[in-house]
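Try each one before reading its solution.

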Amino acid sequence: MSLDWPTAMPLIFAGLMGLAILIYVILDGFDLGIGILFAMAEDTEQDTMIAAIGPFWDANETWLVLAVGLLLVAFPLAHGVILTALYLPAFVLLVGLILRGVAFDFRAKVPAGKKHRWNRIFFLGSVIASLAQGYMLGVYVLGLDVGLGGMAFGALVALCLAAAYAAMGAAWVIYKTEGELQKKAVRWLRTALVLTALGMAAVSLATPFASPRIFERWFVWPEMLYLSPLPILSALLFLWLWRQTFHLPKPDDRHSLMPFLTLAAIFALGFAGLAWSFYPYVVPDKLTIWQAASATESLAIILAGTVVVLPIIIFYSFYAYRVFGGKATDLTYD
């Protein structure tokens, strides 16, 4: 296929959409994970955990809005097919995100005696949103199969993603806190890593057999040889990080960001594997990125706006993480 302008534009937008989804999973993954870990934290620890994500969580969700927006304007046919098939889990996802947002603010404004209620709602919203995202991913991988098999596989991926988010949340707490809470977060990370690794292994083994197309993309020579570094490197990173949890936290808080960066690398490797499994489809086995794309002229106009907006989002994200760097302090409200 020649890489002319009509061919290249859908590829560019597919890449932008994929980048937005990956950044969202990494960034919003840690604050969803912290919400999941709320169930194992004490009251004062929950306040510190909220302080660790307070300056970032709204901006993190911007990447989800960008990804869905790009899907709508660049691939409208795919947007209609995907959201029609995933209407109910998408609705559940929105309910979970709304519960999180409301609880995040209300827990700071209600009388102390009612704070527990909103903490539970924050936890519940985080779990609901994480499970809904995982379920949608599982159903999508199987070509939007909403039958019994697709639902079972979606449930498996949902549990795997929730465990992965919990691991990301624990890694972020390690980076942003100190003292007893940081030590607790190390133990949380160790447990979540085991669950995440088992879940990812189960999904990786089940996916090729559940989808003949994916089986053919991964288990054909010499593609097997070229793709083998992805699972091997992921497994090595998992093992290395799990062993490191027995040596954390280190003196002077050295390498406290290392667990988060390692998990981000594992997420990126997994995402690369998914991208290879799907390409060139945006709706598995139904619509390629070229069949689903808007007109080239429309994509050119959208690209002009994206070139302006995307650097602003990236700059703001870097700026926010730089300004609010360092350890989270006691949570206060003026």
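**Exercise 1.** Decide whether Phe30 is buried or exposed in this predicted model.

*Solution.* Start with the cut-off: buried means under 20% relative accessible area. Phe30 has a relative accessible area of 0%. Phe30 is therefore buried.

**Exercise 2.** Work out how the rings of Phe30 and Phe260 are arranged, and which parts the pair ties together.

*Solution.* Begin with the whole structure, where a search finds 16 aromatic pairs. In the pair of Phe30 and Phe260, the ring centres are 5.7 Å apart and the planes stand at 75 degrees. Planes over 60 degrees apart count as edge-to-face, so this pair is edge-to-face. Finally, look around the pair: ring pairs link Phe30 and Phe260 into a cluster with Phe56, Trp172, Tyr175, Tyr321 and Phe324.

**Exercise 3.** Find where Asp28 lies and which residues it touches, leaving out those up to four places away in sequence.

*Solution.* Asp28 lies in helix 1 (residues 5-37). Its relative accessible area is 0%, so Asp28 is buried. With sequence neighbours up to four places away left out, Asp28 touches Ile23, Trp57, Asn60, Glu61 and Arg100.

**Exercise 4.** Explain why helix 2 (residues 43-53) is described as largely enclosed.

*Solution.* Look through its residues: the buried ones include Glu45, Asp47, Met49 and Ile53. In total, nine of the 11 residues are buried, so helix 2 is largely enclosed by the rest of the structure.

Definitions and conventions
Residues are numbered from 1 along each chain as its sequence is written. This is a predicted model: local features need pLDDT of at least 70, side-chain atom pairs count only at pLDDT 80 or more; totals for chains, interfaces and linings use all residues. Side-chain values use heavy atoms; hydrogens and water are left out. Buried means under 20% relative accessible area, exposed over 50%, partly exposed in between (1.4 Å probe, protein chains only). Helices (H or I, at least four residues) and strands (E, at least two) are DSSP runs, numbered from the N terminus. Contact means heavy atoms within 4.5 Å. Rings of Phe, Tyr and Trp (its six-membered ring) pair if their centres lie within 6.5 Å; planes under 30 degrees apart count as stacked, over 60 as edge-to-face and the rest as tilted.
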